[in-house]
Amino acid sequence: MRARASIFTGIFINAVAAFLAVAVISLSCCKIRHSDENGSVSVALSFADDEDRRMTSINEVGLWIFDGNGARVGEYAYSGAAELALQRYHLDPGGYLFVTSVNLTDPFVCADPTKTTGSEGLMFGLKSPASSPAHAFYGVTEVLVRGDKSQVINSELGRILSELAIKVSGAPPGSSLKATIRSVSVGLHPAQKDEDGHYGLADKDEIRSINLPEGRERSDSIIIPVTRLMPTARGSRHTIIDLAFTLANGKVMECSILAPAMRPSGKYILLMEYAAMRPTLIVEPYKINEWTEGWRFNGEILDPDD
């Protein structure tokens, strides 16, 4: 399935489409509400980040519905937001969890839940951890179904992946930089909550070594552009970044960075001065905007010889 729907089939258009679908059925029944509409649920999509709302085309939509015990009630696939919005799901009264995915296509992979794992077994991952693909999105909505009421729910979408960029100022002429990321998770469990109570829990299994594209000195700076990665593995409080600078004379200078954990949807920028480099450094976060966090050297050095 490949959709032609654009991001402008967002929450407003989705809601209108769902309303029109109900209206057409009502009119065909001489304005008498059909009994099978009671308890039905329709789904509209929106984006949490305005940048995604402006820039993303929806090419594929997946939907999983789980009951209050985590058992799978249904699994569906659609070509776009408009097709999703026209569907109605007739469910028995009770609590449900609706999990949506958008653009979850190759190289993304999906581990489906089983009868044993239920909703906790649903996991999104990557075939190649270093592939840095275009973003895919997920949304999770808790739904209470009443037998006498139909509803349109909003599934607010966030990015599955994190983003990381690196900028080193004051780099020696002719130098280059290789960066390796450690403690990155193998996948994300959308239906599980993290320690802050947000849906989207990184798996505990980690990829121990992901190489980023090499950066070269330009105008006294080295920039490694944005790379998209799975968030930091569950249980790890830090992202570890190993840097290897190669100088023009061939000498290699190494530095290990201890940075905060990366979260789903997070955008991170490591900013450092080459002159401040030591064998091991701690960097601390500061907020750039709602979704972007800068990491900078705070003066703390972990090397006992310094």
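This is a predicted model: local features need pLDDT of at least 70, side-chain atom pairs count only at pLDDT 80 or more; totals for chains, interfaces and linings use all residues.
**Entry 1: E13 and its partners**

I began with E13 and strand E14 (residues 199-202), which pair in the antiparallel sense over three bridges. The two form a hairpin with five residues between them, and in the turn I noted Gly-197, whose phi is positive at about 85°. Within this pairing, Lys-193 stands opposite Tyr-199 in E14.

How many residues of strand E13 are buried? I found six of the seven residues in E13 (residues 187-193) to be buried, so the strand is mostly covered, given that buried means under 20% relative accessible area.

**Entry 2: the seven-stranded sheet**

Next I traced an open sheet of seven strands, which I wrote down in the order E3-E2-E5-E8-E9-E1-E4, with mixed pairing. Strand E3 (72-78) and strand E4 (89-90) stand at its edges with a single partner strand each, so that one side of each is left without a neighbour in the sheet. Inside this order I followed E8 (residues 137-145) and E9 (residues 151-159), which pair in the antiparallel sense over two bridges, and I noted Gly-158 in E9 as the bridge partner of Tyr-138.

**Entry 3: Ser-265**

Where in the chain is Ser-265 placed? I located Ser-265 in the loop between strand E20 (252-260) and strand E21 (267-273). Is Ser-265 buried or exposed? Its relative accessibility is 9%, and because the cut-off for buried is under 20%, Ser-265 counts as buried despite standing in a loop.

**Entry 4: the largest pocket**

I turned to the largest pocket, with a volume of about 640 Å³. By class, I recorded nine nonpolar, nine polar and eight charged residues in the lining of the largest pocket.

**Entry 5: the second largest pocket**

For the second largest pocket I wrote down about 320 Å³ of space. It is lined by 18 residues, and those nearest its centre are Thr-56, Asn-103, Ala-134, His-135 and Phe-137. Helix H2 (residues 50-55) gives the most to the lining of the second largest pocket, with three residues, while the classes there come to six nonpolar, six polar and six charged.

**Entry 6: the chain as a whole**

Last, I looked up the totals for the chain: its secondary structure comes to three helices and 23 strands, and buried residues make up 47% of its 306 residues. Among contacts with a separation of 6 or more, I found that 69% join residues 24 or more positions apart. The accessible surface comes to about 15100 Å², and 51% of that surface belongs to carbon and sulfur atoms.

Note on methods: Residues are numbered from 1 along each chain as its sequence is written. Side-chain values use heavy atoms; hydrogens and water are left out. Two strands pair if DSSP finds at least two bridges between them. Helices (H or I, at least four residues) and strands (E, at least two) are DSSP runs, numbered from the N terminus. Buried means under 20% relative accessible area, exposed over 50%, partly exposed in between (1.4 Å probe, protein chains only). Contact means heavy atoms within 4.5 Å. Accessible areas come from the Shrake-Rupley method with a 1.4 Å probe; for residues, only the protein chains shown count as cover. On a 1 Å grid over the protein atoms alone, a cavity is a set of points where a 1.4 Å probe fits but cannot get out, and a pocket is an open set with protein on both sides within 12 Å along at least five of seven lines; lining residues have an atom within 4 Å of a point. Grid points are joined across faces, edges and corners, and a volume is the space filled by probe spheres set on the points. Ala, Val, Leu, Ile, Met, Phe, Trp, Tyr, Cys and Pro count as nonpolar, Asp, Glu, Lys and Arg as charged, and the others, Gly among them, as polar.
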